[in-house]
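Reader: Hello! Could you walk me through this structure, please?

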Amino acid sequence: MSGGHSSYEPTTGLGKWVDSRLPLPRMVYDSFIAYPVPRNLNYAYTFGAMLAVMLVVQILTGVVLAMHYVANINLAFGSVEGIMRDVNHGWLLRYLHANGASFFFIAVYLHIARGLYYGSYKAPREILWILGVLIYLLMMATGFMGYVLPWGQMSFWGATVITGFFSAFPLVGEWIQQFLLGGFAVGQPTLNRFFSLHYLLPFVIAGVVILHVWALHVTGQTNPTGVEVKSKTDTVPFTPYATLKDALGVVIFLLAYCWFVFYMPNYLGHPDNYTMANALKTPAHIVPEWYYLPFYAMLRAITFNVGPIDSKLGGVLVMFGSIIILFFLPWLDTSKVRSAVYRPWYKLFFWLFVADCILLGWLGSRQPTDTYTLMAQFGTLYYFGFFLVIMPVLGLIETPRRLPNSITEAVLEKSAKA
């Protein structure tokens with residue numbers, strides 16, 4: 001799927017002239033029109049297209065918003081309110097951007113879940129998976145810095161709490177925190193740095209996305225069976241088959257997105273952020289955006305010391321470790337079978353893992369009572385146990401169902417059952 005002679009043939013003199021000097025039309029044709037994809041792809045494989053659309057939306061709306069935003073601690077909050085009230089369609093741009101961040105993360109979580117379910121991280125796609133996790137990390141950094149820019153109460157105190165995590169690291173922690181803040185507390189240098197990086201990182205994400213797509217085209221697309229392509233009968237051209245499926249998935253996704261933008265624009269935000277930042281008044285309950293809540297729950301779950309590691313450092317290590325562990329997933333899962341479709345025990349534990357992540361997200365939004373903390377500890381234990389224990393053990397003992405010999409055979413079997 002990754003090689004072969006190009007079938008692109010320019011039909012005009014201008015096309016031949018361009019193709020001989022800068023074969024960009026040939027690259028687009030080979031990558032998005034004639035590119036062969038497995039014939040049994042389902043709608044779970046449309047989340048990548050949704051992410052591409054949301055990245056473009058976020059960059060375009062962000063660039064326009066930056067034209068009117070003022071990165072000054074005395075004027076930032078007022079400039080955002082000015083965008084909402086005085087800039088033509090400014091309210092729409094801001095709601096598209098703010099809700100776009102949430103839907104960007106919805107799509108990426110669905111994309112990651114699909115990769116886990118169908119084993120898209122297994123050889124020879126390790127670099128493809130690692131680049132995807134890197135994109136996720138960059139998204140988290142970009143989202144956090146963007147959340148600080150409106151300079152509301154939750155923005156200010158969220159930045160104070162999250163940058164304070166770095167002080168837990170011995171020797172270098174205080175230096176890292178001061179470097180991020182540009183001083184000893186959240187202030188003007190912090191806002192300048194976060195605004196600059198929030199503007200820059202989406203373009204870095206776009207660059208890594210290009211590498212991600214490149215790696216995908218080298219190794220080829222996976223499919224629900226986990227069986228590799230063996231012949232041309234297993235594939236169909238990307239256009240129109242996958243293109244139309246992606247288009248339908250994107251349209252449905254955008255309808256849900258627009259519903260929030262026009263009917264519930266503030267539902268996914270926090271009301272405290274409509275109050276200007278006040279360093280002398282701490283909110284009753286400081287919480288990050290919803291897409292960080294599972295990691296926030298794991299951070300707060302560590303309430304005990306482990307040898308020389310105190311609870312604060314332990315919580316930070318667990319929080320960062322919950323993301324870093326994803327980089328090693330291709331080597332933690334020892335099963336020879338890719339797809340959960342043919343792994344009944346893995347399928348059960350996968351859905352328990354999804355439920356565990358949802359539970360951790362809910363616990364992250366609650367006050368840390370003894371009961372909720374205990375639940376978060378069990379949730380954190382299962383999160384790491386899924387990767388470090390369940391995956392390796394199942395790879396050794398699980399007996400998979402019979403695998404089809406080819407994608408075409410799997411399609412015929414499914415048609416016969418239908």
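**The largest pocket and a helix pair**

Author: Helix α9 gives eight residues, the largest share of the lining of the largest pocket. Helices (H or I, at least four residues) and strands (E, at least two) are DSSP runs, numbered from the N terminus. The model is predicted: local features need pLDDT of at least 70 and side-chain atom pairs 80 or more, while totals for chains, interfaces and linings use all residues. Residues are numbered from 1 along each chain as its sequence is written, and side-chain values use heavy atoms, without hydrogens and water.

Reader: Which residues lie nearest the centre of the largest pocket?

Author: A pocket is an open set of points on a 1 Å grid over the protein atoms alone, where a 1.4 Å probe fits, with protein on both sides within 12 Å along at least five of seven lines; lining residues have an atom within 4 Å of a point. The lining here counts 48 residues. Nearest the centre lie G48, A49, H111, V213 and L216.

Reader: How are α5 and α10 oriented to each other, parallel or oblique?

Author: Axes are lines fitted to C-alpha atoms, for helices over the stretch in contact, and angles run from 0 to 180 degrees between N-to-C directions. The axes of α5 and α10 come within 9 Å and cross at roughly 135 degrees. Angles under 35 degrees count as roughly parallel, over 145 as roughly antiparallel, 65 to 115 as roughly perpendicular and the rest as oblique, so α5 and α10 are oblique.

Reader: Which residues of α10 make the contact with α5?

Author: Contact means heavy atoms within 4.5 Å. From α5, W91 and F103 are among those taking part. From α10 come F253, A256, Y257, F260, V261 and F262.
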